[in-house]
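User: Here is a model that I would like to go through term by term. Please set each label against its cut-offs.
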Amino acid sequence: MRTSFVAGNWKLNGNQASISALVANINAGLESLNQTTVAVCAPCVYVPLVHTLTQNSTLKLGAQNVSNYETGAYTGEVSAPMLKEFGCEYVIIGHSERRALFGESDEICAQKFVRAQQAGLTPIFCVGETLTEREANQTEAVISRQLQALLAIIDVQDLVNSVVAYEPIWAIGTGKTATPEQAQAVHAYIRQMIANLNKSVAEKLQILYGGSVKGSNAAKLFAMPDIDGGLIGGAALNADEFLTICRAGNKA
Ligand code: PGA
C-alpha cells in the first residue's frame, strides 16, 4: 500500500514573520495526522528558519529548485549538498514555472534529479502539459517525453526514492482544477508507463496531483486510485486551507 503525501510549494512568497506564523499553525494542526506525510517547500533563504521551526514536528522540509551542478563557477546556484546540509529532505524539480520561465529543458531537469538523489534528497519531479497540448491530444506524448528524458539517465529503480507530480499547466494557479477523472487518467498512464519497465517500482511510486488543489476539492482527487496526494501552491500559504488538504490525504 502506498502512503499519501502532501507537499506545499510556497513559490516566491512569504517573509520571516509570515513563514514563522504559517509553520507554527501547520505544526499545531499536524499533531492529529499520522497517515500522511506532509512537507513544505520554502524559498531557499528561509530553509534554515523552517528547519529550526520543524525540529519538534513531523512536518518535512523541501526546496523548490536545485542546481544541476555540484560545485564550481556557477554564480547564483544552490547545490543539492547545500540544501541537504541545511535540513532539506525534498526538492521540487522541473516545475512548469522553471521549465517555461527559466528555460529548463527535459535534460536539465533529469540532471537535477540525479544531483538531488546523489545528495540524499528526494526529488519531487514535475510533469505536465499546456492547454494547447491537451487540446491537441498531446498530453500523453508530453508526459512520456518528460519522463523518458529522466529514464534515459537513471535506473527505473531510482524512482522508488522519488515522487512524481502531475501538474497540468492549465490548472496551476488558475483556479481551474483537473477533474478527478482527468487527473486519474494521466496518473494511471504514468504508472502504466513505469510498470512496463518494472511493476514493483510502479506500485510503490507516489504520484501527486498539482494544480488548484483546495480544501474543497482535495478529498475527491485523493480518493482516485492512482492519486497519492498533492503538490499545493496557493492553498499552501493558508494554514487552515493547507491542513484541510492534509486531512483529505490522511483519509484517502
Ligand atoms: P496551485 O499551484 O496550487 O496554486 O495551482 C500548484 C503548483 O504550482 O505546484
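Analyst: A charge sits over a ring if NZ of Lys or CZ of Arg is within 6 Å of the ring centre and within 35 degrees of the ring normal. Arg-98 lies over the face of Phe-102, at 4.1 Å from the ring centre. The model is predicted: local features need pLDDT of at least 70 and side-chain atom pairs pLDDT 80 or more, while totals for chains, interfaces and linings use all residues. Residues are numbered from 1 along each chain as its sequence is written, and side-chain values use heavy atoms, without hydrogens and water.

User: What makes the pair of Tyr-69 and Tyr-74 stacked?
Analyst: The structure holds four aromatic pairs. Rings of Phe, Tyr and Trp (its six-membered ring) pair if their centres lie within 6.5 Å; planes under 30 degrees apart count as stacked, over 60 as edge-to-face and the rest as tilted. The centres of Tyr-69 and Tyr-74 are 3.7 Å apart and the planes are at 5°, so this pair is stacked.

User: Why does Tyr-69 count as partly exposed?
Analyst: Buried means under 20% relative accessible area, exposed over 50%, and partly exposed in between (1.4 Å probe, protein chains only). Tyr-69 has 35% relative accessibility, and therefore counts as partly exposed. Tyr-74, at 35%, is partly exposed too.

User: How do you know that Ala-73 is exposed?
Analyst: Its relative accessible area is 75%, so Ala-73 is exposed. Ala-73 lies in the loop between strand E3 (60-63) and helix H3 (80-85); helices (H or I, at least four residues) and strands (E, at least two) are DSSP runs, numbered from the N terminus.

User: What describes the aromatic pair of Phe-113 and Phe-125?
Analyst: Phe-113 and Phe-125 are edge-to-face, with 5.8 Å centre to centre and 80° between the planes. The pair links distant parts of the chain, twelve residues apart: Phe-113 is in helix H5 (residues 106-118) and Phe-125 in strand E5 (residues 122-127). Phe-113 and Phe-125 are both buried.

User: Which residues are closest to the ligand?
Analyst: The ligand is surrounded by 13 residues, the closest being Lys-11, His-95, Glu-167, Gly-173 and Ser-212. A residue is near a molecule if one of its heavy atoms lies within 4 Å of it.

User: What is 2.6 Å from an oxygen atom of the ligand?
Analyst: A polar backbone atom of Gly-173 is at that distance. An N or O atom in the side chain of Lys-11 is 2.7 Å from a ligand oxygen atom, and 2.7 Å is also the distance for the side chain of Glu-167. The protein covers 95% of the 280 Å² of accessible area that the ligand has on its own, by the Shrake-Rupley method with a 1.4 Å probe.

Technical notes
A polar contact is a pair of N or O atoms within 3.5 Å; within protein, one must be able to donate a hydrogen and the other to accept it, and residues adjacent in sequence count only if both atoms are side-chain atoms.
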